[in-house]
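Please look at the sequence and the fold together, and keep both in view while reading.

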Amino acid sequence: AWATFVLAAVVVGAWYKTIHPRQDRDWQAEVAHGVTADVDGPIVTLHNVRNFYWTSDSEAVPDWQTVTVNLDQLSSLDMFTSTWGNPDLAHLIVSFGFADGQHIAFSVEIRKEVGEVYSSLGGFFRKYELVLIAAQENDVVRVRTNMRHEDVHIFPVALPDDKRRDLFLQFVGLGNQLAERPKFYNTITANCTSTVFLLVRSFQPNLPLDRRIILSGRLPEYIDEMGGLQGDMPMDQRRAEGAITARAQTIGTGQDFSAFIRGDGRGAVSN
């Protein structure tokens, strides 16, 4: 019996190693393209920036854009968390703001095929590829607040100018790497938060591991303890001021979504 078990384990292990990530599957529309970029000094040209117009929680008018940003104009960094159901589990979106009012949001996501649905168990066993989406907030945040009615919060991040720039380039580098060498998603080691954690650790090597990297709904508390959030206030107040779902759902036609969710007539969770 033991010999049979060992033989079966060897066969399954050998088969498992033959499963390789691919770029050429029949992807769902929202993950059809990962972001890539060309970097020329401070000028970064981003290809395949998503700016879908969502008409329901799962249907949208596709729009993939080429966007050029100047890193010398990079002025803010915000973290969005989005929860549904279990408040301890959140999707993480990292958004960079520029002096001209533009925001580029990065979201590490499962690259699902047409007809495929998410399974946390499947995420342990090379079922899904990983994709880095760059998007306008009016797409990637608004679909969560206004269409999926998730509980979304924004937290302004305190990071020096040089580190903020480094992190932007780390995201750009990840997008280019995935375009050249696809990678599998993993429920624990390569998800929306652990992937970002490794990017930050590339220039903050002493950043400690913490269970809240997995329990991502509590990630803001971890970052706050590390001194990574702007201002000095209790976490309950941060969460109350950063709750944007109800606010986003009152936006009027033609208003700037990124500005609106931040207040000040345009949006003021202050950056």
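Buried here means under 20% relative accessible area, exposed means over 50%, and partly exposed is what lies in between, computed with a 1.4 Å probe on protein chains only. Helices (H or I, at least four residues) and strands (E, at least two) are DSSP runs, numbered from the N terminus. The model is a predicted one, in which local features need pLDDT of at least 70 and side-chain atom pairs count only at pLDDT 80 or more, whereas totals for chains, interfaces and linings use all residues. Residues are numbered from 1 along each chain as its sequence is written, and side-chain values use heavy atoms, with hydrogens and water left out.

With these terms in hand, helix α7 can be read. In α7, which covers residues 235–242, the buried residues are Met235, Arg238, Arg239 and Gly242. They lie on the same side of α7 because they cover an arc of only 95° around the axis, the arc being that of the directions from the helix axis to the C-beta atoms. An α-helix has 3.6 residues a turn, so residues three or four places apart point the same way. Asp236 and Ala240, by contrast, are exposed on the other side of α7. The cover over the buried residues of α7 includes β10 (151–156) and α6 (219–225), where contact means heavy atoms within 4.5 Å.

Helix α5 (residues 194–201) is mostly covered, with six of its eight residues buried. These are Ser194, Thr195, Val196, Phe197, Leu199 and Val200, and the buried residues of α5 pack against β7, β8, β9, α4 and α6.

A nonpolar core is a set of buried Ala, Val, Leu, Ile, Met, Phe, Trp, Tyr and Cys residues joined through side-chain atoms within 4.5 Å. The largest such core has 46 residues, and those with the most contacts inside it are Leu46, Phe96, Ile104, Phe106, Leu167, Phe168 and Phe171. Helix α4 (residues 161–180) gives the most to this core, with six residues. Leaving aside residues up to four places away in sequence, Phe171 touches Val94, Phe96, Phe106, Leu132, Val196 and Leu199. A second, separate core of 16 residues includes Val31, Ala105, Ile133 and Val152.

Residues up to four places away in sequence not being counted, Arg164 touches Leu74, Ser75, Ser76, Leu77, Phe96 and Leu159. A polar atom of the Arg164 side chain lies 3.5 Å from the backbone oxygen of Ser75. A polar contact is a pair of N or O atoms within 3.5 Å; within protein, one must be able to donate a hydrogen and the other to accept it, and residues adjacent in sequence count only if both atoms are side-chain atoms.

Asp256 is found in the loop between α8 (245–248) and α9 (257–261), and at 41% relative accessibility Asp256 counts as partly exposed. A polar atom of the Asp256 side chain lies 3.0 Å from the backbone nitrogen of Ser258. Asp256 and Thr145, 111 residues apart in sequence, are 15 Å apart in space, C-alpha to C-alpha.

On a 1 Å grid over the protein atoms alone, a cavity is a set of points where a 1.4 Å probe fits but cannot get out, and a pocket is an open set with protein on both sides within 12 Å along at least five of seven lines; lining residues have an atom within 4 Å of a point. Grid points are joined across faces, edges and corners, and a volume is the space filled by probe spheres set on the points.

The largest pocket has a volume of about 970 Å³, and of the 27 residues that line this pocket, the closest to its centre are Trp84, His91, Ile110, Tyr118 and Tyr185. β8 gives the most to the pocket lining, with three residues. Tyr118 is placed in the loop between β8 (103–111) and β9 (129–135), and at 38% relative accessibility Tyr118 counts as partly exposed.

The structure also holds one cavity of 30 Å³ or more. The largest cavity is lined by Phe80, Thr81, Ser82, His91, Ile93, Val141, Arg144 and Val152, and β6 gives the largest share of this lining, three residues.
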